[in-house]
Structure formats: C-alpha cells, structure tokens
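Here is a short report for a reader meeting this structure for the first time. Look at the sequence and the model, then read on.

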Amino acid sequence: MNGRRLVIGRSAEQVTGLVAALQRLDPQLRIQCIPLITTLPLDVPLPKPDTYDTLLFTSQNAVRFFLEKGGKTEGKRLLAIGEATARALPAPCHFISGAGHADGMADELLSLVDDLRDCRILYPTSALSERLLEKRLAPVVASFLTLPIYTSAPHPALSTADLSADYALYYSPSGVSAWAKKNADRPTAISIGPSTTSRLKKLGWTHIIEANAPTEEALYKTLKEQLISCTQKSE
C-alpha cells in the first residue's frame, strides 16, 4: 500500500485491536493515533431520581459522567445505543439500539411506542449534541428531559500533531469539528456513522466512506476494502 498514512482520531490505548489488525494487513501503512477531542464535565445537578423512570444513553461518555455525578441506575429502565454504551452501564439494558445513530434509534423506539408511552425519560448527553431524540420522542412519552452533563473541546495534542494524511478515521461530529479548526486538509474520511458523515460534508470533505456499523470490526472492514481498492488501482 506504498506507505500511505492513516490518522486515527483516538488515543492509541482506545484502538489497540484496530491498529494491530491494520498492521497485520499492511506493515507499510503508517498509522498515527491522535485524540481529536477531550471531554469535560459540566457543573449541573442531576434531577431527583423519582422524577424519571427511564434512562437513555447514546455514548459511553454520557454513562461515565452520569455515574461520576452519583447517578443511579437501580430500578430504572435502561435504553442504550450500541453494545459499547450498553457494556459501560452497571446493569443490563432493557433495549439496545443497533442503529448506530440517534435518528435510527428514534425509529426503533417509536416502533415500541406502546411500551414507552408512560415513560419519564432522562437523557444525559453532550452539550453539543443535537436534540433529535427529544424532538421525536417527547411528543409520545410522559416526559422527556435532555440533560447536558458534559462538553467536548479540541484535544491539546492537536496543537502540535502532524495531521497530514491520506486517510483519517473520525469517531464523532465534535472530532470532525476539532480537526477542521486546526487543519485545512481534507483527507479521505472514514466515518463511524451518519452524524459524523453529516458534519464531514458540512465542513468541506468530499471523499467520505461510512462504515456500515459503529463498531471496530466494521471500521476495520471499511479501511481494508478502501486500502486494497486503492492498491489495485495503482498497480
């Protein structure tokens, strides 16, 4: 693959399996792991536990900050997007969305509206997230409260990082925004899902390849297909 360069937008500790698999695929592929964002807690109080009976999580960060604030999951109905988010919770989920993005999760939950109609939902999330789930679910449930409990900022590593690359792997819309603030280059983007793809398009990327699922396995498959395709074209 002629020593192409790939930037993965996470710390090396978060993607050890992916990096090892890519290095086995092609030892000449130059891989650099650069965290694009850092997450910061917001100083907001949690609602009283008796004001909600259902918790909705769309990221591992939301779970982490909720629990760090002393949030309790006992006796609550737990809804999560993706297996990774579900695994971060201390109790089994009642529902795990396989859609990989908020709009798809809303579609899935609306198909179960009879089971949710009486739910009082608390949705801990990022201050930067869109209110799509609230917009779609609030009209059909007893109550829906979006609670921004953390925010994101460009990671300090970006100030000195070399972002020149043939390919870059993006894990979130905020990661895309952080890259765009620090670098005018728009390498071929490997996107984890629709929300990230939407931000890439908005900020000027033209060559975007979206994984078919928000998993490490799907990202590896997407990168493998792309790299092999480019190698065949160059031969």
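## Strand 9 and its partners

How many bridges join strand 9 to strand 10? Four bridges do so, and the two strands run parallel. The model behind this answer, and behind the rest of this report, is predicted. Strand 9 covers residues 167-170, and strand 10 covers residues 188-191. Another is L169 with I190 of strand 10. Between the two strands the chain passes through helix 7, residues 173-182. This β-α-β crossover is right-handed.

Strand 9 also pairs with strand 1, residues 5-8. Three bridges join strand 1 to strand 9, and these strands run parallel too. Here I8 stands opposite L169. In a regular strand the side chains alternate between the two faces of the sheet. Strand 9 can be read that way: Y167 and L169 point one way, while A168 and Y170 point the other. All four of these residues are buried.

Which sides of strand 10 are covered? Both faces are. T188 and I190 are buried on one side, and A189 and S191 are buried on the other.

Strand 10 pairs with strand 11 as well. Three bridges link them in the parallel sense. I190 has I209 as its bridge partner in strand 11. Strand 10, helix 8 and strand 11 together make a right-handed β-α-β unit.

Helix 8 has a buried side. T196, T197 and L200 are the buried residues there. Seen down the helix axis, the buried residues of helix 8 fall within an arc of 100°, so they line one face. The face turned away from that buried side carries K201 and K202, which are exposed.

Helix 1, residues 16-25, can be read in the same manner. L18, V19, A21 and L22 of helix 1 are buried. These residues cover an arc of only 165° around the axis, which puts them on the same side of helix 1. T16 and R24 are exposed on the other side of helix 1. An α-helix has 3.6 residues a turn, so residues three or four places apart point the same way.

## Aromatic rings

How many aromatic pairs does the structure hold? It holds five. A pair of aromatic rings is described by the distance of the centres and the angle of the planes. Take F57 and F66: their ring centres are 5.5 Å apart and their planes stand at 65°, so the pair is edge-to-face. F57 and F66 are both buried.

Y170 and W205 form another of these pairs. Their ring centres are 5.5 Å apart and their planes are at 75°, so this pair is edge-to-face. Y170 lies in strand 9, and W205 lies in the loop between helix 8 and strand 11, so the pair ties together parts 35 residues apart in sequence. Y170 has a relative accessible area of 1% and is buried. W205 also counts as buried, at 3% relative accessibility. Y170 and W205 belong with W179 to one aromatic cluster.

## Charges over rings

R64 lies over the face of F65, at 4.3 Å from the ring centre. The charged end of K76 sits over the ring of Y52, 4.6 Å from its centre.

## A loop residue

Where is L112 found? It is in the loop between helix 4 (102-110) and helix 5 (113-116). L112 is partly exposed, with a relative accessible area of 31%. L112 and T196 are 84 residues apart along the chain, and their C-alpha atoms are separated by 27 Å.

## The whole protein

The secondary structure comes to nine helices and eleven strands. The C-alpha trace spans about 60 × 35 × 30 Å along its principal axes. Buried residues make up 43% of the 235 residues.

The radius of gyration is 19 Å. A compact globule with 235 residues would have a value near 18 Å, so the protein agrees with that expectation.

Conventions:
Residues are numbered from 1 along each chain as its sequence is written. This is a predicted model: local features need pLDDT of at least 70, side-chain atom pairs count only at pLDDT 80 or more; totals for chains, interfaces and linings use all residues. Side-chain values use heavy atoms; hydrogens and water are left out. Buried means under 20% relative accessible area, exposed over 50%, partly exposed in between (1.4 Å probe, protein chains only). Two strands pair if DSSP finds at least two bridges between them. A crossover is right-handed if, with the strands pointing away from the viewer, the path from the first strand over the helix to the second runs clockwise. Rings of Phe, Tyr and Trp (its six-membered ring) pair if their centres lie within 6.5 Å; planes under 30 degrees apart count as stacked, over 60 as edge-to-face and the rest as tilted. A charge sits over a ring if NZ of Lys or CZ of Arg is within 6 Å of the ring centre and within 35 degrees of the ring normal. The arc is that of the directions from the helix axis to the C-beta atoms. The radius of gyration is taken over C-alpha atoms; the globule rule is 2.2 Å times the number of residues to the power 0.38.
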